[in-house]
Amino acid sequence: MQSGRVPMFKMRPQRGTLWLAIFILLLGALAFYDGHRDPGNISAQDRSKFVLALSVIVSGVLFIVSTSRMWFKHLWHDRYKSRRGQGSL
């Protein structure tokens, strides 16, 4: 907090977390594809399904964290707009 004021939060998703979620989902899809290339290797197919499920869960949690401000309506307004024009408080 700078000089007793609350910082203004923007209504945008956090880009770094969002890109990380996309990257993890792509890695899981690549692992799934790689595990299913050999139809005779059942253990690799099971591992690849587990890795895909885990990457979907982790990327879903990261997506929720990235867009968390948009989930709560009480964060959608600028509560301190009327105080900006006044001197330092």
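A: D34 is partly exposed, with a relative accessible area of 43%; on this scale buried means under 20%, exposed over 50% and partly exposed in between, with a 1.4 Å probe and protein chains only. The model is a predicted one, in which local features need pLDDT of at least 70 and side-chain atom pairs count only at pLDDT 80 or more, while totals for chains, interfaces and linings use all residues. Residues are numbered from 1 along each chain as its sequence is written, and side-chain values use heavy atoms, with hydrogens and water left out.

D34 lies in helix α1, which covers residues 15-35. Helices are DSSP runs of H or I of at least four residues, strands are runs of E of at least two, and both are numbered from the N terminus. The side chain of D34 forms a salt bridge with that of R37, at 2.7 Å from N to O. The rule asks for a side-chain nitrogen of Lys or Arg within 4 Å of a carboxyl oxygen of Asp or Glu, and it gives a count of 1 salt bridge. Side chains of opposite charge can pair when their charged atoms come close.

Helix α2 takes in residues 42-66, Q45 among them. Q45 is buried, at a relative accessible area of 14%. Once its neighbours within four places in sequence are set aside, Q45 is in contact (heavy atoms within 4.5 Å) with G35, H36, D38 and P39. One of these, G35, is itself buried and belongs to α1.

Now α1 as a whole. Its 21 residues should span 30 Å at 1.5 Å a residue, and the end C-alpha atoms are 30 Å apart, so the two values agree; the expected span is 1.5 Å times one less than the number of residues. The buried residues of α1 are T17, A21, G28 and G35. They line one face of the helix, because they fall within an arc of 60° when seen down its axis (an arc of the directions from the helix axis to the C-beta atoms). An α-helix has 3.6 residues a turn, so residues three or four places apart point the same way. The buried residues of α1 pack against α2. On the other side of α1, the exposed residues are R15, G16, W19, L26, L30 and Y33.

The setting is a chain with 3 helices and 0 strands, following the pattern α-α-α along the sequence. Helix α3 covers residues 68-71. Buried residues make up 13% of the 89 residues in the chain. Of the contacts between residues at least 6 apart in sequence, 66% join residues at least 24 apart. The chain exposes about 7,300 Å², of which carbon and sulfur atoms supply 66%.

Notes. Areas by Shrake-Rupley, 256 points an atom, 1.4 Å probe, with all protein chains shown as cover.
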